[in-house]
Amino acid sequence: MRNLLFQQRFTVAAFAILSLLMIAGYYFFSITLSKTSFASGTILLICIFILASYQLRKTFSFLSMGSTSAWLQFHIFIGLFSCLLFALHVKFRIPNGFFETLLFLSYLTVFLSGVIGWFLSRSIPYRLSSRGEEVIFERIPIHRRNILDKVESLVFDNQDSAASKAIPDFYQKHLQAFFEGPSNLMRHILHSERHRHHLSQKITAMKPFLNEQEQITMQQIVELIQQKDDLDYQYALQALLKLWLFVHVPLTYSLILFALFHTIAVCAFASTSG
């Protein structure tokens, strides 16, 4: 715990010192040199490539290139540093040209999605471990199918012709769609349990009309409802993380292409203008 606190304080202090040095250096060179945009743009492009290399580290995790946590801390550090450098590069204003504005919005989108990803990566693992059994995302459909088979066996296989149709009717009306696929994903993301309270109220209202055997069957169904809801919780949060990666990574590569094109255009213009 102390080591983690020390690392966090050291990172904050190093970022503050480096930021102050960069601002002072930028101000100094803006006085002594006619152009500082080329230098800041070059360093910014290097930072973008370093940030993109984190995805390669995750892809080739079997190689000995340092711990993932250290790479993540470095990724966050360079990301924050690049934000300040980008602000200096554009002189704290929105560009006028079409392509420059597109590049500006591209960087801003990548940075904001990175901040969102940092928040998700800090909060979601804790939430996943706090409720239900952690399940590999790709195996969730298998677990969902097993739960569906169990509940349908309870609902339909144990019903004879003379039995009450209360449980099958209730299942088809209120539970079938719930068990057949992912449910209440947005409510799980928002950490809401309203759907469970509504369903619990409906089950409680129906129980007085069930006989003793049906009461036992319904209790077993309630336990499966809990398992299915926990599985949906796991699915919703893990899917959110995967969706974020699906957005953040392609945006990063598009930013690299825009930045390279911008660099080539600037160099070509500088060479033709002497």
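A: Axes are lines fitted to C-alpha atoms, for helices over the stretch in contact, and angles run from 0 to 180 degrees between N-to-C directions. Helices (H or I, at least four residues) and strands (E, at least two) are DSSP runs, numbered from the N terminus. This is a predicted model, in which local features need pLDDT of at least 70 and side-chain atom pairs count only at pLDDT 80 or more, while totals for chains, interfaces and linings use all residues. Residues are numbered from 1 along each chain as its sequence is written, and side-chain values use heavy atoms, with hydrogens and water left out.

Q: At what angle do the axes of α5 and α6 cross?

A: Helix α5 (residues 140–157) and helix α6 (residues 166–180) have axes that cross at roughly 175 degrees and come within 11 Å. The pair is therefore roughly antiparallel (over 145 degrees; under 35 is roughly parallel, 65 to 115 roughly perpendicular, the rest oblique). Contact (heavy atoms within 4.5 Å) involves residues including Ile147, Leu148 and Val151 of α5 and Ile167, Tyr171 and Phe179 of α6.

Q: Is Phe38 buried or exposed?

A: Buried means under 20% relative accessible area, exposed over 50%, and partly exposed in between (1.4 Å probe, protein chains only). Phe38 counts as exposed because its relative accessibility is 55%. Phe38 belongs to helix α2 (residues 37–59).

Q: Which residues does the UniProt annotation "transmembrane region" cover?

A: The unreviewed UniProt entry gives residues 12–31, 37–56, 68–90, 102–121 and 243–271; such annotations may be inferred rather than shown by experiment. In the model, residues 102–121 are 100% helix, with end C-alpha atoms 28 Å apart.
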